[in-house]
Amino acid sequence: MQPVLSITGISKSYGSIKALKNVSFDVPEGSVFGILGPNGSGKTTMLSIILDILKADTGSFAWFGQSGSSITRRQIGSLLETPNFYHYLSAVDNLNITQAISGRGTPADIDRVLEIVKLSERKKSKFSAYSLGMKQRLAIGAALLGDPQVLVFDEPTNGLDPVGIAEIRELIKDLAKKGKTIIMASHLLDEVEKVCTHLAILKKGTLLTAGKVDEVLSNEDIVEVSSSDPDRLKMVLQNFPGASSLQQDGHMVRLFFPVGTAKLEDINRFSFEKGITLNQLTVKKKSLESKFFELTND
Ligand code: ATP
């Protein structure tokens, strides 16, 4: 399946500061894709580039297989910073203004988005009377006008209390259930683990890893093995000592090991002694701790 977004070799500097260094990854359709990294790692810069707010120095990106066009833009709703809502106007009036200015959706769309962000009952209240969490939900509502297929959020739970954070999480999960693709930046490992299906980890502008959350952040090492006869390979490796479990995925067999215990040469020898020649043998993931260590230490 064609990725919703494909990023290839993007670099961006601000003077002598290299904010992004040759970053590439794909965002699959229907994923909740977290861009995880500490402050200053380049997350906002990346989101600004894919939204055409900033221009990359080198590299390219394609939405739905096409490089930027106004047609694809209409399929993307975004929230980079809290929009300037009018404090003395209600949620409905604010969204009416946003809708008219942006041209996204129709006035009839406003009740729909208020329903999604669970503000219908408070839609007549003034913006100034809203809690921070409600303000953030309204901002997400604005991004939902026109029913875009893809949503891009920068730190959507920033500054919220635990209840507000939980509400935004639920909202993101609901949107994902509706089939939306969501790309969100976060500096919180915990948040990414809880809501995202996929993630890319940035550190000082460099991509450390990207992939499915359960593969990247697992506490196990995964060894991917393949040979010309995957069924026989699976049968043989079921008896490999030390592996905690085994999974077959098409031509690939995945062996799971407690962190640090996978020994490639042993797997290779074991298979060879059983008459199997491997054509692939790679360790796929590292532990949560080691990823976190890479993130937070130099
Ligand atoms: P945060 O979570 O703090 O927003 P981030 O991961 O989103 O961090 P960016 O905001 O993309 O990171 O910043 C990446 C690097 O580029 C940082 O070193 C930052 O100081 C620098 N930077 C960002 N914007 C500018 C700018 N307009 N001019 C100069 N340097 C900038």
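Visitor: What does buried mean for a residue here?
Guide: Relative accessible area decides, with a 1.4 Å probe and protein chains only. Over 50% is exposed, and in between is partly exposed. Under 20% is buried.

Visitor: What kind of model is this, and how are residues numbered?
Guide: Residues are numbered from 1 along each chain as its sequence is written. The model is predicted: local features need pLDDT of at least 70, side-chain atom pairs count only at pLDDT 80 or more, totals for chains, interfaces and linings use all residues, and side-chain values use heavy atoms, without hydrogens and water.

Visitor: Which residues of helix α9 are buried?
Guide: Helices here are DSSP runs (H or I, at least four residues), strands too (E, at least two), numbered from the N terminus. Helix α9 spans residues 230-237. Its buried residues are Pro230, Leu233, Val236 and Leu237.

Visitor: Why do the buried residues of α9 line one face?
Guide: Look down the axis of α9, taking directions from the axis to the C-beta atoms. The buried residues line one face because they fall within an arc of 120°.

Visitor: How far is the polar side-chain atom of Thr45 from an oxygen atom of the ligand?
Guide: A polar contact is a pair of N or O atoms within 3.5 Å. Asn39 has a polar side-chain atom 3.2 Å from a ligand oxygen. For Lys43, the distance from a side-chain N or O atom is 2.8 Å. For Thr45, it is 2.5 Å.

Note on methods
A polar contact is a pair of N or O atoms within 3.5 Å; within protein, one must be able to donate a hydrogen and the other to accept it, and residues adjacent in sequence count only if both atoms are side-chain atoms.
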